[in-house]
Amino acid sequence: AKSMSTLVDFEEHSQVLELAKFIDEQKSIGKDQASTACLTRTQGLLDQGSKVAALISLLLSESAILLDGSVKEPLSCFNVIFSLFSSLSSDKELEACILQTVECLVESSVSEKRLERIMILANLFNAIPDKSKLRFNVLTSLLSFVNESGAYDSLPNQFSNLESWAVEWKL
C-alpha cells in the first residue's frame with residue numbers, strides 16, 4: 001500500500017502540487033503510461049490564479065483514487081485539501097466545498113476504507129468553524145455513514161457535546 005507523507009512545512013501550493021502528483025502516481029499504477037492529468041490541471045489553475053474553490057473542487061473530483069485499497073493513509077491527503085478551506089473567500093464557497101467533500105466520501109462503496117472515511121469525516125467536522133451550521137450537516141452525514149456501514153465502534157464519542165452543539169447551531 002502506498003502512503004503520502006503528511007506535509008507540514010511546505011507552502012500551500014507545494015502541498016497542493018504534491019497531492020496532485022500523488023494522485024497521478026496512484027492513477028498510473030499498473031499502466032504503461034504515467035498519468036500527469038491532475039498535476040497539469042492543478043498547475044494550470046495555480047498559474048491562472050484561479051479561485052481556491054476551483055482547486056479544491058478539482059482535487060475532490062480526483063479523490064476517489066485516494067479511497068481505494070492501494071493508498072495507505074488517505075487521511076493525510078484529505079487534510080491537505082482541508083487546509084485550503086481557510087483560504088476560501090466566502091461562506092458560500094466553503095459550504096459548496098464541504099458538501100462536495102461529504103458527497104465524495106459517502107457516495108462510493110461503503111466497504112472500501114470505511115474506517116478511514118469515518119476518520120476523514122470526523123476531521124472535516126473538526127475543521128469547520130465551531131459556530132457554523134455546516135457542522136450539523138457533516139455530523140448527520142457522519143452518523144448516516146456509520147449507520148449504513150455498521151461501524152458503530154469507530155464513531156468518535158462526542159455525544160457529551162450534542163447539547164452544546166444544538167444551542168450553538170440554534171436547532
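A residue counts as exposed when its relative accessible area is over 50%, and as buried when that area is under 20%. The model examined here is predicted. In it, Lys51 has 54% relative accessibility and therefore counts as exposed. Glu93 has 13% and therefore counts as buried. These two residues are salt-bridge partners, with their closest N and O atoms 3.2 Å apart. The bridge links distant parts of the chain. Lys51 sits in the loop between α2 and α3, while Glu93 belongs to helix α5, 42 residues apart from it.

Across the whole structure, a search returns 4 salt bridges. Another of them pairs the side chains of Glu62 and Arg41, at 2.9 Å from N to O. Glu62 lies in the loop between α3 and α4 and Arg41 in helix α2, so this pair ties together parts that are 21 residues apart in sequence. Glu62 is buried because its relative accessible area is 11%. Arg41, with a relative accessible area of 43%, is partly exposed. Salt bridges with shared partners join Glu62, Arg41 and Lys27 into one network.

Arg135 takes part in two kinds of interaction. Its salt bridge is with Asp130, where the closest N and O atoms are 3.4 Å apart. Arg135 also lies over the face of Phe125, at 4.0 Å from the ring centre. With a relative accessibility of 5%, Arg135 counts as buried.

The largest nonpolar core comprises 48 residues. Within this core, Ile56, Leu59, Phe78 and Phe85 have the most contacts. At least two core residues come from each of α1 (12-28), α2 (37-47), α3 (52-61), α4 (74-83), α5 (91-106), α6 (114-127) and α7 (134-149). Helix α3 supplies the largest share, 7 residues.

Phe85 illustrates the contacts made in the interior. Leaving aside residues up to four places away in sequence, Phe85 touches Ile56, Leu94, Cys97, Ile98, Thr101 and Leu124. At 7% relative accessibility, Phe85 falls under the 20% limit and so counts as buried.

In one, Phe78 and Phe82 are tilted, at 6.3 Å centre to centre and with 50° between the planes. Both residues lie in helix α4, and because they are 4 residues apart, about one helical turn separates them. Phe78 and Phe82 are both buried. In the other pair, Phe82 and Phe85 are also tilted, with centres 5.5 Å apart and 45° between the planes. For Phe82, the relative accessibility is 7%, so this residue counts as buried. Phe78, Phe82 and Phe85 form one aromatic cluster.

Cys97, a contact of Phe85, counts as buried because its relative accessibility is 3%. Cys104 counts as buried too, at 12% relative accessibility. The disulfide count is 0.

Conventions. Residues are numbered from 1 along each chain as its sequence is written. This is a predicted model: local features need pLDDT of at least 70, side-chain atom pairs count only at pLDDT 80 or more; totals for chains, interfaces and linings use all residues. Side-chain values use heavy atoms; hydrogens and water are left out. A disulfide is a pair of cysteine sulfur atoms within 2.5 Å. Buried means under 20% relative accessible area, exposed over 50%, partly exposed in between (1.4 Å probe, protein chains only). A nonpolar core is a set of buried Ala, Val, Leu, Ile, Met, Phe, Trp, Tyr and Cys residues joined through side-chain atoms within 4.5 Å. Contact means heavy atoms within 4.5 Å. Rings of Phe, Tyr and Trp (its six-membered ring) pair if their centres lie within 6.5 Å; planes under 30 degrees apart count as stacked, over 60 as edge-to-face and the rest as tilted. A charge sits over a ring if NZ of Lys or CZ of Arg is within 6 Å of the ring centre and within 35 degrees of the ring normal.
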